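Reader: I want to learn how to read a sheet and an overall fold. Please take me through one case.

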Amino acid sequence: MKDLLDLTLDEFKSELISQGESGFRAKQVFDWIYKGVFDYNDMKNIPQALKDKLKDGFKVGIPKVVEEYTSNDGTKKLLVSLEDGNLIECVIMKYIHGNTICISTQVGCRMGCKFCASTLGGVIRNITSGEMIGQILLAQNILGERISNVVLMGSGEPLDNFDNVMKFLELVNAEYGLNIGQRHITLSTCGIVPKIYELADKDLSITLAISLHAFSDEKRREIMPIANKYSIKEIMDACAYYIDKTNRRITFEYSLVKGVNDSKEDAKALASLLRGVLCHVNLIPVNEIKEKEYRKSSKEDIKAFEAILKSHGIEATVRREMGSDINAACGQLRRSYLETRNSN
Ligand code: SF4
């Protein structure tokens with residue numbers, strides 16, 4: 001059954017017209033869905049005959065909440081079930097400038113980053129564009145407020161699910177739908193170089209975030225298997241192309257792991273790698289996960305690292321730790337849920 005959340009308005013219109021219905025009904029149905037009404041029975045201006053037809057031919061693929069946690073800082077972490085029973089996570093963060101959601105783009109992940117719980121069981125499947133939209137609609141209904149920013153940084157590597165992510169970017173941006181501007185969307189990748197070029201050629205104004213986490217190939221290979229495939233030089237060349245094409249500043253994500261990549265020398269080497277690049281560095285105190293030996297850097301080391309970058313003219317901020325009291329790190333909630341379920 002087709003998911004209406006996977007369709008553009010034009011695609012849905014064509015579907016309705018091919019079934020002998022009036023095209024304008026498509027917009028009426030979408031108005032309800034994007035207002036948060038997902039049950040055809042509750043769509044007041046839709047004739048019963050069309051409601052019946054919709055029930056037989058189209059679903060509205062909103063995921064179901066399995067567990068919901070709210071942190072002391074207001075961050076909400078949702079463990080949700082997709083229609084086939086696969087579990088994914090999304091996190092809703094409340095900032096002064098609006099609500100941000102971090103969505104998942106794959107069930108699991110095959111990239112194998114050593115600091116990440118999402119990858120421990122490999123990738124199970126790609127998430128459809130409609131399922132990505134569904135995460136946002138669900139979150140809006142839970143909050144009773146609009147989501148204004150989206151980060152593709154939950155489980156999965158977005159560029160490993162390229163076509164669905166591109167369709168999602170079209171859908172999320174559409175005026176008839178969620179109408180979230182591209183500048184309010186961040187796509188985070190571990191650095192799949194050919195796909196960065198492909199993304200640059202799409203000429204979008206989203207923010208590209210690169211999970212760098214190390215300044216040398218040798219150090220990077222220790223924590224990110226993708227570094228065996230693409231060197232930092234190749235990533236930086238692809239970033240230069242991206243900046244040139246889009247004129248957008250790139251964010252480099254750098255997880256600080258105690259004793260691995262958080263020394264003063266590491267900070268200086270990172271500063272020299274990024275010299276002259278239109279960028280911003282997001283320093284992330286690594287989330288400790290029980291299956292891995294990585295530990296969080298001390299507050300002093302994090303501050304010193306940030307100061308060194310800034311003294312070299314590199315813009316840097318330390319990401320606020322949100323929801324750390326509720327297992328908010330990528331993949332942790334799903335993993336602990338599956339473990340508990342499997343041991344019962
Ligand atoms: S950090 Fe991202 S790319 Fe790396 S394993 Fe986790 S989900 Fe995949």
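Author: We start with the ground rules, then the chain, then the sheet.

Author: This is a predicted model: local features need pLDDT of at least 70, side-chain atom pairs count only at pLDDT 80 or more, and totals for chains, interfaces and linings use all residues. Residues are numbered from 1 along each chain as its sequence is written, and side-chain values use heavy atoms, leaving out hydrogens and water.

Reader: How many helices and strands does the protein chain have?

Author: Helices (H or I, at least four residues) and strands (E, at least two) are DSSP runs, numbered from the N terminus. The protein chain has 11 helices and 14 strands. Its radius of gyration is 21 Å, close to the 20 Å of the globule rule for 344 residues, so it is as compact as a globular protein of that length. That radius is taken over C-alpha atoms; the rule is 2.2 Å times the number of residues to the power 0.38.

Reader: What is the strand order in the open sheet?

Author: Strands of a sheet pair through backbone hydrogen bonds, either parallel or antiparallel. Here two strands pair if DSSP finds at least two bridges between them. The open sheet has 10 strands in the order E3-E4-E5-E6-E9-E10-E11-E12-E13-E14, with mixed pairing. Its edge strands, E3 (64-70) and E14 (316-318), each pair on one side only.

Reader: In which sense do E6 and E9 pair?

Author: Parallel: E6 (residues 98-103) and E9 (residues 147-152) share 5 bridges. Ile-103 stands opposite Leu-152 in E9.
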